[in-house]
Amino acid sequence: GPPVLVDFPRRCHPGAAADAGDIAAGRLGKPIAATLTYSGGAAHSAIHMLDLFHTWWGAGWTPTPGGRAGDVALVTLRGGRDALTASFVDVAAVRYYVWEMHVWCERGKVELSHSPEILELSGLDGHPLYTSFQVLTQRARFQMEHEPVLPRLMETLAGAIADPDAARALLRREIESQMFSAEVLRCLETSESFEGRAR
């Protein structure tokens with residue numbers, strides 16, 4: 001009977017929606033590499049980054065473990081003919097808190113970092129001094145803190161309550177995101193250390 005919500009407020013931020021629009025329009029190209037750095041463990045912190053990855057690049061990614069060296073684990077994500085390797089860096093919270101997501105794409109980059117959090121979208125431009133080089137140049141920047149994400153979430157839920165098709169689509173999206181995150185977390189738990197492979 002009681003309603004249950006998963007707390008992924010960043011997906012309701014207008015910056016996340018703007019990035020999703022650029023990604024869907026193909027302006028960034030496919031993702032080619034990612035680094036997710038966090039404190040507090042993957043199930044607590046990285047899962048929010050995985051939700052954003054799923055929000056932006058959709059379902060259909062299959063993760064496979066790629067190995068581990070200390071607190072760094074590699075996971076390869078395959079979606080159709082596309083593949084990227086993501087490094088997951090678990091920084092001990094006793095040192096300091098960190099939560100950063102960097103996804104490099106064929107023609108740009110999505111970065112969520114800093115404290116308070118800032119979401120940045122970069123595209124490619126010519127280097128001002130070396131004309132044969134393309135460099136990342138910031139296209140959009142969104143402050144992620146102090147946004148009314150709860151009212152936006154409630155608007156989404158109200159729309160789902162009013163429209164059964166919207167409700168089914170929202171539930172399907174939630175199930176797909178949770179399944180994707182669970183598969184990646186399993187890869188992180190089972191990643192064999194590189195030292196173990198060398199033996």
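The side chain of arginine 139 gets to within 2.9 Å of the backbone oxygen of leucine 124, a polar contact (a pair of N or O atoms within 3.5 Å; within protein, one must be able to donate a hydrogen and the other to accept it, and residues adjacent in sequence count only if both atoms are side-chain atoms). The model is a predicted one, so local features need pLDDT of at least 70 and side-chain atom pairs count only at pLDDT 80 or more, while totals for chains, interfaces and linings use all residues. Residues are numbered from 1 along each chain as its sequence is written, and side-chain values use heavy atoms, with hydrogens and water left out.

Arginine 139 belongs to strand S8 (residues 134–143); helices (H or I, at least four residues) and strands (E, at least two) are DSSP runs, numbered from the N terminus. Its relative accessible area of 45% makes arginine 139 partly exposed, where buried means under 20%, exposed over 50% and partly exposed in between (1.4 Å probe, protein chains only). Setting aside neighbours within four places in sequence, arginine 139 is in contact with Leu121, Ser122, Gly123, Leu124 and Asp125, contact being heavy atoms within 4.5 Å. Arginine 172 is 33 residues from arginine 139 in sequence and 32 Å from it in space, C-alpha to C-alpha.

Next comes helix H2. Spanning residues 42–57, H2 bends by about 25° at histidine 48 (the angle between axes fitted to the seven residues ending there and the seven starting there). Of its 16 residues, 13 are buried, so H2 is largely enclosed by the rest of the structure. Glycine 58 follows H2 and has a positive phi, near 75°.

Aromatic pairs number 5 in the whole structure; rings of Phe, Tyr and Trp (its six-membered ring) pair if their centres lie within 6.5 Å, with planes under 30 degrees apart counted as stacked, over 60 as edge-to-face and the rest as tilted. Phenylalanine 53 and tryptophan 61 make an edge-to-face pair, because their ring centres are 5.4 Å apart and their planes sit at 75°. Phenylalanine 53 also stacks with phenylalanine 180, at 5.9 Å centre to centre and 20° between the planes. Ring pairs join Phe53, Trp56, Trp57, Trp61 and Phe180 into a cluster.

H2 and H4 also meet through charge. Arginine 173 and aspartate 51 form a salt bridge (3.5 Å, N to O), defined as a side-chain nitrogen of Lys or Arg within 4 Å of a carboxyl oxygen of Asp or Glu. Arginine 173 lies in H4 and aspartate 51 in H2, so the pair ties together parts that are 122 residues apart in sequence. Both ends are buried: arginine 173 at 18% relative accessibility and aspartate 51 at 1%. Serine 181, in H4, is buried at 1% and touches Ile47, Leu50 and Asp51, not counting residues up to four places away in sequence.

The salt-bridge count comes to 11. Among them, glutamate 111 pairs with lysine 109 at 3.2 Å between the closest N and O atoms, and salt bridges with shared partners connect Arg11, Asp51, Arg173 and Glu174 into one network.
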